[in-house]
Amino acid sequence: MDLADLSEQQKIIRHLEREGLKNIIFTNCVKDENVKQIVPVVTELVGSSYRYHRGENAEYCIMVIGVPNVGKSSLINSLRRHHLRKGKATRVGGEPGITRAVMSRIQVCERPPVFLLDTPGVLAPRIGSVETGLKLALCGTVLDHLVGEETLADYLLYTLNRHQLLGYVQHYGLGGACDDVVSVLKRVAVRLGKTQRVKVLTGTGDVNVIQPNYTAAARDFLRTFRSGLLGPVMLDRDTLHTPPADP
């Protein structure tokens, strides 16, 4: 929740509940916010489940699932810090594919004894639309180069401008908002010193030209967005404001 725009939190909850989701908890695993709510909710759900008939074994073994790079490993580490006062038990990283197999059980709580299984991220076999795919890619659910850093930067710029989220203008010291991603990345590259000297063959011989490194600038733009330096953003704002379809 530290990266999301939660100004319409109740609308988000209602939207998710219409999709059949319950017991929604907004967490920040960097600062361990709201993490303490998870174990009580989970133990109550398991205890009231018809499938729970293991009275002789008081421990809980729970699987953590989600899309790649959503923060599953960070959640496990946060729970350990809160309940056991212990540090990392599983690797985390800002890209998909850090967790590559179902790991052994990781204890995150003593009373009650709760063990979690960290799992590799999973995506739906089919993405509903190109725009949904771009949103997922912006959140780092696939490796950037598979989509293209400059393509992602272009969609990010389009989204920020469309919703009047102009934090990038101040962050990079630009003169104002701009819809042209090539122009923006050029200015970002120059500001960050991400340029390269390239030889250009002309009719009078080789000429050295300073060329912006657009890919490096795009990577920095994406990294800045994902680290929250452009402010809180909700990519699904349009979805939230779309009236629910008739059943």
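Predicted model: local features only at pLDDT ≥ 70, side-chain atom pairs only at ≥ 80, totals over all residues.
**The overall picture**

The protein has ten helices and five strands. Of its 247 residues, 34% count as buried. Among contacts with a separation of 6 or more, 54% come from residues 24 or more positions apart.

With 14 residues at 1.5 Å a residue, α6 should span 20 Å, and its end C-alpha atoms are 20 Å apart, which agrees. Just after α6, Q164 takes a positive phi of about 55 degrees.

**Aromatic rings**

How many aromatic pairs are there? The count comes to three. The rings of Y155 and Y158 have their centres 5.9 Å apart and their planes at 35 degrees, so this pair is tilted. Both tyrosines belong to α6 (residues 149–162), where they are three residues apart, about one turn of the helix. An α-helix has 3.6 residues a turn, so residues three or four places apart point the same way.

Is Y155 buried or exposed? Y155 counts as buried, because its relative accessibility of 9% is under the 20% cut-off. Y158, by contrast, is partly exposed, with a relative accessible area of 41%. Elsewhere, ring pairs join Y168, Y172 and F221 into a cluster.

Here are three residues with their relative accessibility:

| Residue | Relative accessibility | Class |
|---|---|---|
| Y155 | 9% | buried |
| F26 | 14% | buried |
| Y158 | 41% | partly exposed |

**The three-stranded sheet**

Now for an open sheet of three strands, which has the order β1-β3-β2 and mixed pairing. β1 (60–64) and β2 (106–109) stand at the edges with a single partner strand each, so one side of each has no neighbour in the sheet. On average, neighbouring strands here are turned by 35 degrees against each other, direction ignored.

β2 pairs with β3 (residues 114–118) in the antiparallel sense, over three bridges. C109 stands opposite V114 in β3. Helix α3 (residues 72–84) packs on the sheet and touches β1, β2 and β3, its direction making about 50 degrees with that of β2. Helix α2 (residues 38–47) also lies across β1, β2 and β3, and runs at about 110 degrees to β1.

One side-chain arrangement is worth a look on screen: the charged end of R105 sits over the ring of F115, 4.1 Å from its centre.

**F26 in its loop**

Finally, where is the place of F26? F26 is in the loop between α1 (9–18) and α2. At 14% relative accessibility, F26 counts as buried. Leaving aside residues up to four places away in sequence, F26 touches M1, L6, Q9, I12, I13, E33 and N34. F26 and I38 are twelve residues apart in sequence, and their C-alpha atoms are 10.0 Å apart in space.

Key. Residues numbered from 1 in each chain as written. Heavy atoms only, no water. Pairing = 2+ DSSP bridges. Helix = DSSP H or I, 4+ residues; strand = E, 2+ residues; numbered from the N terminus. Axes fitted to C-alpha atoms, helices over the stretch in contact; angles between N-to-C directions. Contact = heavy atoms within 4.5 Å. Phe/Tyr/Trp six-rings, centres within 6.5 Å; stacked < 30°, edge-to-face > 60°. Buried < 20%, exposed > 50% of the residue type's maximum accessible area, 1.4 Å probe, protein only. Lys NZ or Arg CZ within 6 Å of the ring centre and 35° of its normal. Expected span 1.5 Å × (residues − 1).
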